[in-house]
Amino acid sequence: MRLELLPRTDVTPIKRALAPLWAIGFALLIGAGLVILLGRSPLAAFKVYFLEPLTDPWALQELAVKATPLIIIATGLVYCFRANLWNIGAEGQLIMGAIVGSIVPLATVDLESAAWVLPLSLVLGILGGALYGAIPALLRNRFGVSEILVSLMLVYIAELTLDYLVRGPWRDPKGFNFPTTPSFPDFALLPNLASEGRLHAGLLIALLGAVMTWFVFGRTMFGFGIRVAGEAPRAARFAGFNAPKMTLIAFLISGGMAGLAGIVEVTGQIGQLKPAISGGLGFTAIIVAYLGRLHPVGIIFGAFTIALTIYGGEAAQIALKLPLDLTRTFQGILLFCVLAADALTTYRLRLVTGAHE
Amino acid sequence: MAETAVAHAPLCVLEGIVKRFGDLAANDHVDLSLYRGEIHALLGENGAGKSTLVKILDGLLTPDEGRILWDGQQVDLSNPEEAAALGIGMVFQHFSLFDNLTVAENIAVAMPSGVSFRALNRRIADLGKRYGLALDPRREVWTLSAGERQRIEIVRALLREPKLLILDEPTSVLTPQESEALFTTLRELAAQGCALLYISHKLEEVTRLCDRATILRGGRVVAHCNPREETPGKLASLMVGTDIPALHERSHAQGEILFATQSLSAPAEELHAVALSNISLSVRSGEILGLAGIAGNGQSELFEILSGERHAEDAAMIQIAGVDCGLEGIDARRRKGAAFLPEERNGHAAVGAMALSDNVVLSRHGSGGLTRRGVIDRRIAQQWVDAVIARFDVRAPSANAKANQLSGGNLQKFVVGREMLGSPKVLIIDNPTWGVDAGAATLIRQALLDLSASGAAILMISQDLDEIFAIADRIAVIHAGRVSTPVPVGDVTREQIGLLMIGGEGTAHAA
């Protein structure tokens, strides 16, 4: 007895569009089961996780703050994933972007005011992430090294570099020996969008990035080349696209966006460097990218969905004493359900029984 | 022999088979009887329902209506294992092989468990000797040519000693001699009482080989006939439903040399790839040069290097209109007025999951006025699609369908049309009608003749000798990366070409 996947012949765009909703529905059911196993009421958990954040204006701002870096990183990942390049090191590129982008603000802590600092640090953040992202691309092009391994291992190097900097040379001398840099000057911080709450201009950057990515993949030759390279590498050669060059550019953009997300996090809501500035955003963004089906608009929805699970998880930890690990587990379940829903939209399962298995 | 065999009770009967996919009835009350010892041709254009019927016989699809009788008993074929257990063997046109496994391993997976590799290797060798199906059991499949891969499929089926063997386009990758050897095999199998269901687009061989023919059109049986009493043209018109136009010959006025290679050599890039050695060819304006050869003798390597997907070692090795371009990429060569079409439609010449307009952009982005400063003009791309669909009679479900929604023949007409619409000066085309139906093949060949009449130089790589003899002016043969001196097609016989295809010296060097 075995299971077979048979292609469906009746896949409509509507069914395809509805698949993530099915996925979220099933993930909620499984999540409810977990909550019951943990001895809590699933209804109460549902209320804390989903209803309260979506009805409270302050919480909505908080969701946007959490979704912002996810949108930026995930839209960047689209450039790699669509080309079948597996950049799973966005976390490292994010940290490297945050580090490089912080050089200028930290050097100008004593200045009165300097309007050029913020844009320069954003550009340096992009640059830091992009160059860090170029490493796996160059190694892949030159030596055929797996970009998966390289990009992942570079995450640990970035994390330890940040750790070294904030405990060593960049530590705030007036910081009571805490492993943090001095707080950034106000002019180096992203402006808030509302007079109350923490919503900052990073969200606009994220939306701009999503729109640009949408245009790149919808209309430009470059986006077309990436799609062809991902769908059919031989057709990309036939088209005359330069695969190594495209690999490099895809990683530069992907890394650059992750770096941008890093410096946006630092200048938007943290305000200084600490040993942990991301907490796995670069990995979570992989889920976001697939939740959004590698499409910028989908990614915006996906990022808010995941932000909801993060925020709800924190709230549930406080209100219901549910472990924060549950949030991570739920995100994993969600990704699993999304991939399964996509597969089951395209294929149907057939149980094969026979005498000669 | 056929007459006496037919007099017995049929081995397998299909009665009123109906299979629907949505609104489309791929098989609409199809009746078919197969007798022991007969070679039965199943004919029809792409989309006529042949594959569906064959998949039903092989247990891959379950019919919505109708029944299957095997030796007079009604049977349910719900999977290929059950079909195989009854004695139904299948040789698919598209190979279902594991590339990273060896020949013997690929054969073993289709065998009942408990057969030792040593015994298997011996049986493979026996069959190879008996039927001329030489195979090295230890080679990995990815290193083999299409022709060799097909031999695995045939051996795999024969090892199970089938009572009914279904062959889908078995000669499409064989030389004339190999085809004849296969026919001998098949006749011997039939003489031993095996029933054969033979699917082929090569109607000429059907009229020589097969005892009976069933012709499908639009999912229905439109005729049963004795192919020995019909002409290939009559069979083709039964399949299509209208008369197939004959090819219009063109004037043979030839002009200057538009495409040439000079001592083109290239080392093998991978372990089992073919090295190209000292190839000098030239094609004149108005000329079609046919390059025959068995699959896997360097055709794909040659196409890669002629198209610019891979660079030559020296600029002067390849010239378009007298200009050295060996070191240029495919797009630069396109801008010089050349067009290219590889053998494989899916994933090479076209991207299945992408829209037709995207597939126009794929090869015409540099030479079709489709982009401005890196931004694609979708309107112009769609105009290209509409023009190709209209001029090359492409049947697509919609004007901007995805490539994989088109049947093989229609997608091939589309990609051929895409390359021809810009009136290229030079066209390098690899197997232009591989696996397409008679109607599409005729249309494509006529388009090639028309293009050359308009002054283009065409280099046509083809494994179909009939095709080369039908439309080429000169013919050369590629074997093990070397190319024979081209000679006018009128000056050689198929047998001489066949000898060159297997590396013999032959007497074809008339020029």
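Helices (H or I, at least four residues) and strands (E, at least two) are DSSP runs, numbered from the N terminus.

This is a predicted model: local features need pLDDT of at least 70, side-chain atom pairs count only at pLDDT 80 or more, and totals for chains, interfaces and linings use all residues. Residues are numbered from 1 along each chain as its sequence is written, while chains are lettered from A and ligands numbered from 1 in the order in which they are written.

The model scores ipTM 0.82 and pTM 0.78. Chain B has a mean pLDDT of 86, and 94% of its residues reach 70 or more.

| Stretch of chain B | pLDDT | Contacts |
|---|---|---|
| residues 1-6 | below 50 | ten contacts |
| residues 506-511 | below 50 | 18 contacts |

Where pLDDT is low, the predicted coordinates should not be read in detail.

In chain A, the axes of helix α4 (residues 90-107) and helix α11 (residues 281-291) come within 6 Å and cross at roughly 130 degrees. α4(A) and α11(A) are therefore oblique to each other. Ala90(A), Glu91(A) and Leu94(A) in α4(A) meet Leu281(A), Gly282(A), Phe283(A) and Ala285(A) in α11(A).

Terms used. Axes are lines fitted to C-alpha atoms, for helices over the stretch in contact, and angles run from 0 to 180 degrees between N-to-C directions. Angles under 35 degrees count as roughly parallel, over 145 as roughly antiparallel, 65 to 115 as roughly perpendicular and the rest as oblique. Two residues are in contact if their C-beta atoms, placed from the backbone, lie within 7 Å. pLDDT is the predictor's confidence in each residue, from 0 to 100.
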